[in-house]
Amino acid sequence: MSSYASQADEIEQARQRIASAYDPRLLESAGHEMIDLLVSQLESCQQSVGNVLNWNSPGENVAEAARLLATGKNDGEEKSLSDRVRLLAETMLARGQNLQDPRYIGHQVPASVPLAGLFDAIGAVTNSVMAVYEMGPWATACEISLVEEIGKLIGYEEGAFSGFITHGGSLANLTALLTARNVALGESWKEGVSGTDPRPVIIAHGAAHYCIERSAGILGIGTDQCLKASLDDRGRIDVEKLEALIIEVQSKGHPIIAVCASACATPIGAFDPLHEIADLCEKYEVWMHVDAAHGGAACFSDRYRDLISGLERADSMICDAHKMMFVPALCAFVFYKNREHRFEAFQQNAPYLFDPSAPDIMEYDSGLKTIECTKRAAAFGLWGLWSAFGKELFADLVDVTFSMGQVFYEKLRAASDFQVLHKPECNIVVFRYLPEGLAERGADQIGEFQLRLRRKLIESGEFYIVPTSFEGVAALRCTVINPLTTPEHLDELMNALREQGRDLL
Ligand SMILES: Cc1ncc(COP(=O)(O)O)c(C=O)c1O
């Protein structure tokens, strides 16, 4: 056979292998199988059968993942493709973190509403992406319809605001602050900021999420120029001290890129007084940005929306749907109060993407507003849930989980062997377990005990909670972000801590 003929033959065989990977019937059989597995996993998790966190050391997990990769389709025994697919799916489920278990009371990542994952799967299987409207016409429509509805719920004036979805709260804050920088410094997109003297600053909530300071680094402002606003005894920005700081900074000639408030701040879930901060920002003509990654969803709730009163006055704000809107990551919203700012973050010339012959359509090209060029259809999960259940579902999710913060607080306060460290405003609660014999010891020992206790608890698989530090001493932190977590689970958590703690003392 000529080398050309043998090459053609090889390509034909490759085509046949590819055809079997693309076979819709494979998706059908594997899809049914995976749904069955997911359903039984969900049932076990919801009934707390098995461990919350399937603990394996990182080395062990990496070795197993590498083993499955290396053995490829042939791991010693002859297996059909469907058996192999089943084994892989089972392994994925058996080795993960079970957020759907109501004993998962850990980071600000929710037990997402399961159906949202299926809407997302439509986007994944069809590889619906955005950047330009033509690539994701329906994804764009879903995103814009959500932006319009959520913007109105926040209280922005209809027709005046603008927004979009991006891949996560960190990127959302970065994009909004980039816009604020470009607005404040005029030509900084082209010229950079190194020549700006005196140096521009960002003023952030004293316990802002680290992504705000990281944004200052990325934007060329410099982390040293990210000034931390003092907090009051509830962990909120102290407005009097903020005013003094703004006056001091402006009197020295430093341009203020933005004041970044939090709604709420990560450590203890404290909500800043947004109206008072907005008054200051208006008075001193400073861009007001609010990181509402966690608390923005309070806009759905009649019970809790007062927490974010004043958010509608922010020049920009962000909110993660993959936190308190209970959809799978990543899906974060950025809003600008004034839609004129929507193209201010970036100035790109990309003739291979954006078509100047259809300027009306460019309004719908997400890539002009986001850091991403290709962007997954991140709206599908939320749009699907909202359209199927109505927005009342999101009010229920906020109401139930936020109310559990208060329930947990009361339980901890009533227990003499626990120390609750703040009065929660939402579903984030920080506390320590302080049994007799420990309370008298020094702060270092108390802190070290909390860390060892948590590790023992999570490795046991009984509960999942996270560590934090409060006033310089380690503590325990819970976010009730699985809406199936009940007061009884919280009693069980306290008992599990007592039990594990007894062995450690
Ligand atoms: C207040 C706040 N902002 C931003 C973030 C970062 O969001 P993401 O993890 O989506 O990047 C978090 C994460 O917990 C947060 O709590």
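Colleague: Which residue forms a salt bridge with D315?

Modeller: Side chains of opposite charge can pair when their charged atoms come close. The rule asks for a side-chain nitrogen of Lys or Arg within 4 Å of a carboxyl oxygen of Asp or Glu. D315 pairs with K337, the closest N and O atoms being 3.9 Å apart. D315 lies in the loop between β6 and β7, K337 in the loop between β8 (332-336) and α13 (359-362), so the pair ties together parts that are 22 residues apart in sequence. K337 is partly exposed at 30% relative accessibility (buried is under 20% relative accessible area, exposed over 50%, partly exposed in between; 1.4 Å probe, protein chains only).

Colleague: What are the ground rules here?

Modeller: This is a predicted model: local features need pLDDT of at least 70, side-chain atom pairs count only at pLDDT 80 or more, and totals for chains, interfaces and linings use all residues. Residues are numbered from 1 along each chain as its sequence is written, and side-chain values use heavy atoms, with hydrogens and water left out.

Colleague: How many salt bridges does the rule give?

Modeller: The count is 31. Salt bridges that share partners join E33, R86 and E90 into one network.

Colleague: Where do E64 and R67 lie?

Modeller: Both sit in helix α3 (residues 58-71), three residues apart, about one turn of the helix. Helices are DSSP runs (H or I, at least four residues), as are strands (E, at least two), numbered from the N terminus. E64 is buried at 17%; R67 is partly exposed at 39%.
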